[in-house]
Amino acid sequence: MKHRKKMKVFPAACLVCAAGIFGIGSTAAYLTSFDKAENSISVGSNTTGIEEEFPDPSPAPVEENPEYEKKVWISNTSPEQEGFLADCYVRMAVGCSHSDIFQAVVFKELDTENWIHGEDGYYYFRKSLKEGESTTPLFTGFYIDSSKVDPDSLSLIPEFEIQLYEESVQAEGFSDYKEAWASWQDRV
């Protein structure tokens, strides 16, 4: 009789093991189930550039302090790559090909309402630029006061060049141009 009882227990044990194996398989499938999702991330960029109107100047005697038309401004232009164009703050540095002559340059209609001349030599535009927007012209022309130029440098005036350099920084997260540029300076 003992032998018969073992036989009844064996099929029941096999049935329990089989149920356990199938149960583990479906539980494992449940625990490993997943969905796939793709997140598209695009990087914003600042793409700015200097724009200018500078008609060919007509020659004039240096002693007459000739005036030259030259409008310069910065535009926030569309990037060539995919992504979005971020709002940005801009600044411009004005340099020259000869420092003695540059001391005698007088800018016409220098915009001191929208542009601030910083202690570091840059002119800062107060407002942020959105995509496609431009600054107001920093100036509309200039002349060279020849009375302020060293006599040895007077012959260089016809070859004198005004050089422009601009930079931009993202406006997002900053309340004004000062805060944006201070944050950028802290990273450099």
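**Exercise 1. In which loop is Ala 104 found, and is Ala 104 buried or exposed?**

Before you start, keep in mind that this model is predicted.

Step 1: Find the loop. Ala 104 lies between helix 2 (99–102) and strand 7 (105–108).

Step 2: Check the accessibility. The relative accessible area of Ala 104 is 1%, so Ala 104 is buried.

Step 3: Look for partners further along the chain. Once you skip residues up to four places away in sequence, Ala 104 touches Tyr 143, Ile 144, Asp 145, Lys 148 and Val 149. Take Val 149: it is 45 residues from Ala 104 along the chain, yet their C-alpha atoms are separated by 6.1 Å.

**Exercise 2. Describe strand 9 (residues 122–125): which way do its side chains point, and which strands pair with it?**

Step 1: Sort the residues. Tyr 122 and Tyr 124 point one way, while Tyr 123 and Phe 125 point the other way. All four are buried.

Step 2: Find the partner strands. Strand 6 (residues 88–96) pairs with strand 9 in the antiparallel sense, over three bridges. Strand 8 (residues 115–117) also runs antiparallel to strand 9, and three bridges join them.

Step 3: Zoom in on Tyr 123. Met 92 stands opposite Tyr 123, and His 117 has Tyr 123 as its bridge partner.

Step 4: Strand 8 and strand 9 form a hairpin with four residues between them. In that turn, Gly 121 has a positive phi of about 95°. Gly 118 belongs to the loop between these two strands as well, and its relative accessible area of 16% means it is buried. From Gly 118 to Arg 91 you count 27 residues in sequence, and 9.6 Å from C-alpha to C-alpha.

**Exercise 3. How many disulfides does the whole structure have, and are Cys 88 and Cys 96 buried or exposed?**

Step 1: Search everything. The search of the whole structure turns up zero disulfides.

Step 2: Cys 88 has 0% relative accessibility, so it counts as buried. Cys 96 comes out at 19%; the cut-off for buried is under 20%, so Cys 96 counts as buried too.

**Exercise 4. Now zoom out: how many helices and strands does the chain have?**

Step 1: Count the elements. There are three helices and 11 strands.

Step 2: Read their order along the sequence. The pattern is α-β-β-β-β-β-β-α-β-β-β-β-β-α.

Step 3: Look at the overall numbers. Of the 188 residues, 31% count as buried. Among contacts between residues at least 6 apart in sequence, 74% join residues at least 24 apart.

Technical notes. Residues are numbered from 1 along each chain as its sequence is written. This is a predicted model: local features need pLDDT of at least 70, side-chain atom pairs count only at pLDDT 80 or more; totals for chains, interfaces and linings use all residues. Side-chain values use heavy atoms; hydrogens and water are left out. A disulfide is a pair of cysteine sulfur atoms within 2.5 Å. Buried means under 20% relative accessible area, exposed over 50%, partly exposed in between (1.4 Å probe, protein chains only). Contact means heavy atoms within 4.5 Å. Two strands pair if DSSP finds at least two bridges between them.
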